[in-house]
Structure formats: C-alpha cells, structure tokens
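Subject: Structure handover

Hello,

Here is the structure I promised to pass on. Please open it and keep it beside you while you read.

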Amino acid sequence: MKVLFAASEAYPLIKTGGLADVLYGLPLALHELDNEIRLVIPGYRSVLDKLKPDTTRELGTLNAWGDGWTHEVTILEIEHEAYPFPVWIAECAALFDRPGNPYLHPDGYDWPDNAERYCVFSRVVAQLADDALQLDWRPEVVHVHDWQTGLVPALLEDVSPRPRCMFTIHNLAYSGRFSREIFERLHLKWHWWSEEGVEFHSGFSMLKAGIVYCDVLTTVSPTYANEICTPEFGYGMEGLLQSRRHKLHGILNGVDGTSWDPATDVYLPENYTPESIQPGKQNNKKALLEGFGFDATPQQLQQPLLGFVGRLVEQKGVDIMLNAIPELVHHTDACFVLLGSGDYGHEQHMNELARRYPQRVNVYIGYEEGLAHLVEAGCDLFMMPSRFEPCGLNQMYSLKYGTLPVVYNTGGLADTVVNATDENIRSKRANGFVFYNPTREAFASTVFWALGHFVNKKHWQQLQLNAMQADFGWERSAQTYMDIYKS
Ligand code: ADP
Ligand code: GLC
C-alpha cells in the first residue's frame with residue numbers, strides 16, 4: 001500500500017521524545033512489509049542543518065494560507081541513510097527555520113505562532129496527499145500523529161479521491177488548543193465549528209479535529225486506549241472518545257532494534273547479550289560512574305545504581321521520584337543518575353539533590369542521546385514513576401538492557417512491565433516492580449522492596465533474563481497497523 005506519514009518529529013532528523021522514535025521505527029517496519037512509504041516533517045533549522053546537497057532535491061513549491069497571508073512551502077526530497085524510502089521536508093523559513101525546539105522558544109515558552117505553523121504544515125500534507133506536485137504518487141492511507149497534524153483528517157475532505165486517514169494519539173495531554181479568533185484568522189472552515197466538530201471549551205482543538213474526522217483512531221497502548229475514555233485521563237475528551245470507541249485501537253509501540261539493542265548499541269563501551277550480562281553491565285556501569293567523575297571502586301560497583309531519563313514534566317512523576325530520593329539515600333546504599341531537561345523547577349530540584357548528596361546523586365541537565373543509552377545499560381534499576389504514560393519507550397529499552405524498571409501501573413507501563421510477585425517470579429515472567437498509587441510513599445517503598453531483591457544476585461539475574469527476553473520488536477505492531485489499513 002502507499003502510505004503517507006506526517007508528523008512533527010522523526011528520529012534521527014529531529015527528536016524531543018518518543019514520538020520521533022516511533023516515526024522512525026514504524027515506517028521502517030511497514031516498509032519491510034512491502035509498503036510504499038513517504039514521510040513528511042517540517043523543515044526546522046536543525047533538520048536543514050543535517051541535509052547534504054548531493055542527497056537533497058527540490059520537488060516543487062506549494063502555497064498554504066497561514067495567519068493573514070499565504071506561505072510558500074518548498075518540498076525537499078532527501079535520501080537519508082536511516083531511511084530506505086524518500087523523506088520529504090516541508091521548508092518554510094518564516095515558520096520553521098529558527099533556533100530551539102520544534103515547539104518552544106529557546107527561553108522555554110511555546111512559539112506564539114504554533115497554531116499557524118502546524119496549520120500550514122497540515123495544509124501542505126493534505127496537498128501532498130492530493131498529489132499537488134504531480135509526482136504521480138497518491139497515498140491510499142494518510143497516517144498522521146498528535147495535535148500538530150490533527151487538522152489533516154479534516155482538510156482531506158477537499159482531496160478527491162479522499163484517501164483513508166489514520167490518526168494516532170501519542171499523548172492526549174497536548175491538545176493543540178487555540179482561540180476562536182485564531183480559528184477565524186487561519187480561515188478554517190465554519191462547518192467544522194461545532195461541538196461535534198473542532199470546538200472545545202469556547203476555543204478549538206487540533207487534536208479534537210483529528211479524533212473527529214479521522215477514519216481510524218489509534219493510541220499507543222491497549223491500556224491507554226481504555227484510560228483516555230475515563231475522566232481521570234481524558235482531559236475533557238472522554239465523552240467524545242467513548243463515542244468513538246468503535247474506531248479506537250490501542251497498539252503497543254515497538255522498539256527499534258537497530259538503535260536500541262545492547263548487543264550492537266554504538267553508544268556503549270561494551271556490548272552484551274543475555275549470556276554476557278554480568279560483565280557487560282558491570283563495565284557499562286563503570287564507564288557511567290567514571291563519566292560522572294568517580295573512581296568506580298569495586299565497592300561502588302556493588303552498590304545499586306538507579307537511573308532516570310526523561311522530559312522533566314508533570315506527566316513523568318519527576319516530583320514523586322525527587323521527593324523520595326533523600327529517604328532512599330539515608331536508608332540504603334543506592335546511587336542515582338538522573339538525565340533530563342524540562343521544567344525549570346524540576347531542574348533546580350535535581351541540581352539541589354546533586355549538591356546535597358555529591359557522592360550519591362549524579363545529575364545531567366540536558367538532552368544527550370549517548371548518555372541515555374549508557375544510563376539504560378549501566379544502571380541496575382530504571383525509575384519511571386509516570387502519572388500517566390501513553391506507551392513509554394524508556395521502560396522497554398530498560399527491559400531490553402536488563403535494567404529492571406520501577407513503574408506506576410498505568411498506560412503502556414502496565415502493558416509491558418510484569419510485577420515481581422511470587423507467582424510471576426515462579427512462572428519466570430516477572431521483569432520489574434510496579435506500584436499502584438502515584439505517591440512518593442508508594443514509589444519509595446517499591447524501591448526498598450526492589451533493593452531487597454537486588455541483594456540476591458542469582459535471583460536478580462533471573463529477573464534480568466526475563467526482562468531481556470521480552471519481544472518488543474516493531475514487526476508485530478506494524479502487522480496490526482497493516483491489518484487496519486487494509487480493512
Ligand atoms: P516521551 O515520548 O513521553 O518523552 P518515551 O519514553 O516514549 O517518553 O520516549 C522518550 C524518548 O526520549 C526516549 O528515546 C528517551 O531516551 C529520550 N529522551 C528523553 N529525555 C532525554 C534526554 N534528556 N536525553 C536523551 N534522551 C532523552
Ligand atoms: C508520547 C508519550 C509516550 C509514548 C510516545 C511515543 O510522547 O508520552 O508515552 O511512548 O509518545 O508514542
């Protein structure tokens with residue numbers, strides 16, 4: 001089938017989180033299943049900086065109305081070593097050629113013209129789906145992701161023949177909500193303006209547009225698909241989602257084995273497999289500790305090392321974890337490595353813990369792909385106390401790397417981590433530690449409990465083997481997406 005993927009990020013060209021990883025792994029797996037894939041992303045400055053003249057060509061120019069004027073958008077086609085199919089870049093300097101993150105100004109606030117930026121991008125995607133550049137390539141399915149492309153399913157009404165459209169929610173917490181005034185200025189269609197359409201709390205939501213106008217709606221784990229239909233996780237959209245339950249599917253993300261496999265991971269000083277797990281992990285732990293300026297003495301290598309990697313936002317339960325660390329430092333010999341960036345308050349809190357416990361708490365504020373891999377490989381436990389987690393990739397990476405996750409029972413965490421209960425241990429399914437209240441107390445006592453298991457090396461190794469044997473390849477999920485495309 002011909003499938004056009006459109007999203008606001010895709011690894012390795014541009015990444016702020018798991019969305020980018022999915023926009024790499026899923027199209028690749030669908031390509032392996034003999035589909036004809038095109039992927040289109042915005043031409044942010046950091047994407048343009050990665051392009052090489054000999055593998056980039058201009059396909060043509062499209063015009064799209066923005067906020068008060070028409071933007072000219074040049075479509076570049078690149079051949080990239082990571083992708084076995086053409087990738088299209090929607091280049092528009094006025095909207096995307098800027099410093100900082102795709103969504104945020106370098107000072108941390110949302111770009112004030114985000115509505116216009118992603119409306120123009122969505123208009124371009126709809127035109128590409130209509131073969132507006134006369135490339136003789138028309139998708140049968142357009143697969144779009146999150147609020148930034150939420151208008152696409154609505155805009156496809158002008159495309160004839162209209163391709164089918166799948167909309168995937170990676171995170172319902174980001175709804176792309178803007179005012180009625182912006183709706184008018186963007187010249188969006190009035191027949192979309194209703195409670196049955198895009199209207200949301202007297203403004204409008206691009207995410208809601210995606211939910212309402214797509215043919216098939218998916219989200220990234222079965223448990224999250226159920227959760228978003230409830231008031232606790234639905235952000236006010238639970239009624240709408242319940243009414244669309246017939247077209248909503250929860251499909252677990254996969255892990256891309258070319259970049260996340262301890263046996264081949266290029267970021268690790270030592271690769272390892274389930275057979276070489278002990279020396280392998282020990283040497284990565286040594287490198288990780290040395291990187292933070294420690295001698296990594298034999299005694300230190302025996303102490304449990306707990307890691308965290310993630311965006312420092314409310315979703316990730318960072319406060320739950322940080323508030324528990326003093327107690328864990330005082331009552332155990334555990335050390336910590338924390339990698340992340342995001343809310344200033346959380347960053348400050350992390351730095352303060354590092355100052356207070358310099359021998360025990362190591363902090364890196366920033367985004368560092370290589371260090372993320374080393375944390376996954378070098379730690380004994382991986383902390384992921386997310387309050388909600390649509391899928392979560394980090395816990396799957398940590399399972400593959402034999403680093404047992406400590407997680408709250410929600411979303412994709414609930415679908416991937418099997419709690420170390422006596423019964424699950426006996427059946428060799430246990431692969432991590434689960435807590436059932438999103439509180440500091442529950443998290444801390446679960447870490448104490450996990451550390452109780454850690455001292456029994458033989459038993460711990462069995463849990464690590466269970467974790468490493470889980471199959472999180474993309475093949476199964478890609479096949480499920482295929483089945484839905486076909487239907
Ligand atoms: P989310 O998409 O909600 O951020 P996921 O667990 O799905 O959460 O994916 C997060 C991805 O982003 C992982 O690949 C993780 O390694 C990466 N990541 C997050 N923060 C950092 C960071 N500070 N440095 C490096 N990689 C990071
Ligand atoms: C979102 C979610 C995360 C998920 C990722 C990829 O960022 O927060 O749980 O793994 O998208 O689908």
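Below are the notes on what was found in it.

**Ground rules**

This is a predicted model, so local features need pLDDT of at least 70, side-chain atom pairs count only at pLDDT 80 or more, and totals for chains, interfaces and linings use all residues. Residues are numbered from 1 along each chain as its sequence is written, chains are lettered from A and ligands numbered from 1 in the order in which they are written, and side-chain values use heavy atoms, with hydrogens and water left out.

Helices (H or I, at least four residues) and strands (E, at least two) are DSSP runs, numbered from the N terminus. Two strands pair if DSSP finds at least two bridges between them.

**The sheet of 9 strands**

Strands of a sheet pair through backbone hydrogen bonds, either parallel or antiparallel. One open sheet here has 9 strands, with mixed pairing. Their order is β3-β4-β5-β2-β1-β6-β7-β11-β12. β3 (56–65) and β12 (248–250) are the edge strands, and each pairs on one side only. On average, neighbouring strands are turned by 25° against each other, direction ignored. (Axes are lines fitted to C-alpha atoms, for helices over the stretch in contact; angles run from 0 to 180 degrees between N-to-C directions.)

Look at β7 (residues 164–169). With β11 (residues 216–219), strand β7 pairs in the parallel sense over 4 bridges. Ile 169 stands opposite Thr 219 in β11. With β6, strand β7 is again parallel, over 5 bridges. There, Arg 164 in β7 is the bridge partner of Val 141. Is β7 mostly covered or mostly open? Mostly covered: 5 of its 6 residues are buried. Buried means under 20% relative accessible area, exposed over 50%, and partly exposed in between (1.4 Å probe, protein chains only).

Helix α21 (residues 474–486) packs on this sheet. It touches β1 (2–6), β6, β7, β11 and β12. Its direction makes about 145° with that of β7. Contact means heavy atoms within 4.5 Å.

**The sheet of 3 strands**

Another open sheet has 3 strands, in the order β8-β10-β9, with antiparallel pairing. Its edge strands are β8 (177–178) and β9 (199–200), and each pairs on one side only. Between β9 and β10 (residues 203–205) there are 2 bridges. Glu 199 stands opposite Phe 204 in β10. Helix α7 (residues 206–213) lies across β8, β9 and β10, at about 60° to β10.

**An enclosed helix**

Helix α15 (residues 369–378) has 10 of its 10 residues buried, so it is largely enclosed by the rest of the structure. Among them are Glu 369, His 373 and Glu 376. Its cover includes α11 (277–291), β13 (305–312), β14 (335–342), β15 (361–365), β16 (381–384) and α16 (394–400).

**Rings**

How many aromatic pairs does the structure hold? The count is 23. Rings of Phe, Tyr and Trp (its six-membered ring) pair if their centres lie within 6.5 Å; planes under 30 degrees apart count as stacked, over 60 as edge-to-face and the rest as tilted.

Take Trp 88 and Trp 137. Their ring centres are 5.8 Å apart and their planes stand at 85°, so the pair is edge-to-face. Trp 88 lies in β5 (residues 87–91) and Trp 137 in the loop between α4 (114–129) and β6 (141–145), so the pair ties together parts that are 49 residues apart in sequence. Trp 88 is buried at 2% relative accessible area. Trp 137 is buried at 5%.

One aromatic cluster includes Tyr 44, Trp 147, Phe 178 and Phe 204.

Two charges sit over rings. The charged end of Arg 98 is over Trp 111, 4.7 Å from the ring centre. Lys 457 lies over the face of Phe 454, at 3.6 Å from the ring centre. (The test: NZ of Lys or CZ of Arg within 6 Å of the ring centre and within 35 degrees of the ring normal.)

**Cysteines**

A search of the whole structure finds 0 disulfides (pairs of cysteine sulfur atoms within 2.5 Å). Cys 92 is buried at 4% relative accessibility. Cys 119 is buried too, at 0%.

Best wishes
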